[in-house]
Amino acid sequence: MKLHYFILFFIVTCSCKNNTTQHSVSHQPTGEQGMVTMRGEFIYYDGAAVLQTPNTIYGVIVDDQLEKLNQQVTPYKSSDLDMVTVTLKAKRIPKPEGEEGWPFSIKIKEIIKIEKPEPSAQELIE
């Protein structure tokens with residue numbers, strides 16, 4: 001639980017900076033219900049993963065696809081707490097009632113794009 005608060009604090013702190021990067025979620029009419037294409041800031045730290053879009057923060061389900069994404073973003077990070085802009089196709093899953101966490105989780109179905117961070121976007125407040 002402390003980790004969730006740390007990640008929330010980190011995201012709120014980082015989101016206060018002036019950033020012109022566009023993040024979006026677009027609903028794609030696919031055969032599988034709940035599939036969306038998402039673009040946002042991704043972080044995976046200490047067993048918990050988060051994707052932050054302009055309007056929502058999603059918990060990311062830890063599975064093989066998440067591990068694959070984490071391996072692909074590692075070269076773009078200078079520290080474990082850096083966030084990397086990614087575009088994903090994922091399934092949105094509502095939080096079960098009575099469970100703590102973000103309102104929605106996502107299960108990564110496809111990694112579409114990983115973007116090299118802008119040098120000024122990697123500012124860390126210590």
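Predicted model: local features only at pLDDT ≥ 70, side-chain atom pairs only at ≥ 80, totals over all residues.
Biologist: How is the protein chain built from helices and strands?

Modeller: There are two helices and six strands, and from the N terminus on the elements run α-β-β-β-β-α-β-β.

Biologist: What makes the pair Glu-115 and Arg-39 a salt bridge?

Modeller: The closest N and O atoms of Glu-115 and Arg-39 are 2.7 Å apart. The cut-off is 4 Å between a side-chain nitrogen of Lys or Arg and a carboxyl oxygen of Asp or Glu, so the pair qualifies.

Biologist: Why is the contact of Asp-63 with Lys-107 called a salt bridge?

Modeller: The N to O distance between these side chains is 2.8 Å; the limit is 4 Å, and therefore Asp-63 and Lys-107 also form a salt bridge. Asp-63 sits in the loop between β4 (57–60) and α2 (64–73), whereas Lys-107 belongs to strand β6, 44 residues apart. By this rule the count comes to two salt bridges.

Biologist: Why is Asp-63 called buried, and why does Lys-107 count as partly exposed?

Modeller: The relative accessible area of Asp-63 is 18%, and buried means under 20%, so Asp-63 is buried. Lys-107 has 28% relative accessibility; this value falls between the limits of 20% and 50%, and therefore Lys-107 is partly exposed.

Biologist: Which residues touch the most other members of the largest nonpolar core?

Modeller: They are Phe-42, Leu-51, Leu-69, Val-86, Leu-88 and Ile-106, in a core of 19 residues. At least two residues of this core come from each of β2, β3 (48–52), β4, α2, β5 (84–94) and β6. Leu-69 touches residues including Phe-42, Val-86, Leu-88 and Ile-108, not counting residues up to four places away in sequence. Another core, of six residues, lies apart and has Val-50, Ile-57, Leu-81 and Trp-102 among its members.

Biologist: What makes Arg-92 lie over the face of Phe-104?

Modeller: Arg-92 is at 4.2 Å from the ring centre of Phe-104. As for aromatic pairs, a search of the whole structure finds zero.

Definitions and conventions:
Residues numbered from 1 in each chain as written. Heavy atoms only, no water. Helix = DSSP H or I, 4+ residues; strand = E, 2+ residues; numbered from the N terminus. Buried < 20%, exposed > 50% of the residue type's maximum accessible area, 1.4 Å probe, protein only. Core = buried A, V, L, I, M, F, W, Y, C linked by side-chain atoms within 4.5 Å. Contact = heavy atoms within 4.5 Å. Phe/Tyr/Trp six-rings, centres within 6.5 Å; stacked < 30°, edge-to-face > 60°. Lys NZ or Arg CZ within 6 Å of the ring centre and 35° of its normal.
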